[in-house]
Amino acid sequence: MRKSAVNVRNSKGFNITELIVVMGIIAVMVAIGAPAVVSQITHLRLTRSVRDVVTELNAARFKAIAKNKRYQVEFTVNSGATPPDSYQLQSWSAGSYVDEPGRAAGLLKEGISITSPTANFTTEFYPNGSSTATTICVDNTNKSSDRMKITVKGATGMIQVTTGC
């Protein structure tokens, strides 16, 4: 017995026209969604940087209360230049502030910068829980409307984060 030839027209699968149409639909969906994804990624960099700064500020506050001595976070503002803006936890020792041993300086993520205050500054925390009142504006340099504000209350040392600035 001889096997019959398979009829190509009745085979299951996709033809080239169907594949091109599906690829075109996928390309349109990617083109529409890509800007939103990129925008979300830069916003995540902003929120991650703000969270890291708040963590360092809280560490200074908690250490000041727990160890009964002054602490500060020193900010170096480079206005978007290289190296990026940075912050460093410091403790009061022998009449001046010194970098806290074992804690490296924190760097803001790429595309994120402190816009206010515009010069280098510090936020001090005292053993009674109070601090120097400070408002820090952190901007996403890739999207001018994407900003967050960190407010440190002077009387309580509490830290609040809000959108905008």
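This is a predicted model: local features need pLDDT of at least 70, side-chain atom pairs count only at pLDDT 80 or more; totals for chains, interfaces and linings use all residues.

User: Which residues make the nonpolar surface patch?

Analyst: That patch is made by Phe 14, Ile 16, Leu 19 and Ile 20, and it covers about 470 Å².

User: Take Ile 16. Where does it lie?

Analyst: Ile 16 lies in helix α1, which runs over residues 16-67.

User: And is Ile 16 buried or exposed?

Analyst: Exposed, because its relative accessibility is 60% and the cut-off for exposed is over 50%.

User: OK, switching topic. Where does Glu 100 lie?

Analyst: Glu 100 is in the loop between β3 (96-99) and β4 (106-107).

User: Is Glu 100 buried or exposed, then?

Analyst: Glu 100 counts as buried because its relative accessible area is 9%, and buried means under 20%.

User: What does the Glu 100 side chain make a polar contact with?

Analyst: With the side chain of Lys 63, at 3.4 Å.

User: Which residues does Glu 100 touch, leaving out those up to four places away in sequence?

Analyst: Glu 100 touches Lys 63, Lys 67, Tyr 71, Gln 88, Leu 89, Gln 90 and Ser 91.

User: Now the strands. How many residues of β7 are buried?

Analyst: Six of the seven residues in β7 are buried, so that strand is mostly covered.

User: What does β7 pair with?

Analyst: Strand β5 (residues 112-116) pairs with β7 in the antiparallel sense, over four bridges. β8 also pairs with β7 in the antiparallel sense, over six bridges.

User: Which residue in β7 stands opposite Ile 112?

Analyst: Asn 140 in β7 stands opposite Ile 112.

User: How many residues does the hairpin from β7 to β8 go through?

Analyst: Six residues join β7 to β8 in that hairpin. Ser 145 lies in the loop there, between β7 (134-140) and β8 (147-152).

User: Is Ser 145 buried or exposed?

Analyst: Ser 145 is exposed, with a relative accessible area of 58%.

User: Last one: what separates the C-alpha atoms of Ser 145 and Cys 165?

Analyst: Those C-alpha atoms are separated by 9.5 Å, with Ser 145 and Cys 165 being 20 residues apart along the chain.

Definitions and conventions:
Residues are numbered from 1 along each chain as its sequence is written. Side-chain values use heavy atoms; hydrogens and water are left out. Patches are made of residues with over 30% relative accessible area and no salt bridge: like charges are joined within 9 Å, nonpolar side chains (Val, Leu, Ile, Met, Phe, Trp, Tyr) within 5 Å. Accessible areas come from the Shrake-Rupley method with a 1.4 Å probe; for residues, only the protein chains shown count as cover. A salt bridge is a side-chain nitrogen of Lys or Arg within 4 Å of a carboxyl oxygen of Asp or Glu. Helices (H or I, at least four residues) and strands (E, at least two) are DSSP runs, numbered from the N terminus. Buried means under 20% relative accessible area, exposed over 50%, partly exposed in between (1.4 Å probe, protein chains only). A polar contact is a pair of N or O atoms within 3.5 Å; within protein, one must be able to donate a hydrogen and the other to accept it, and residues adjacent in sequence count only if both atoms are side-chain atoms. Contact means heavy atoms within 4.5 Å. Two strands pair if DSSP finds at least two bridges between them.
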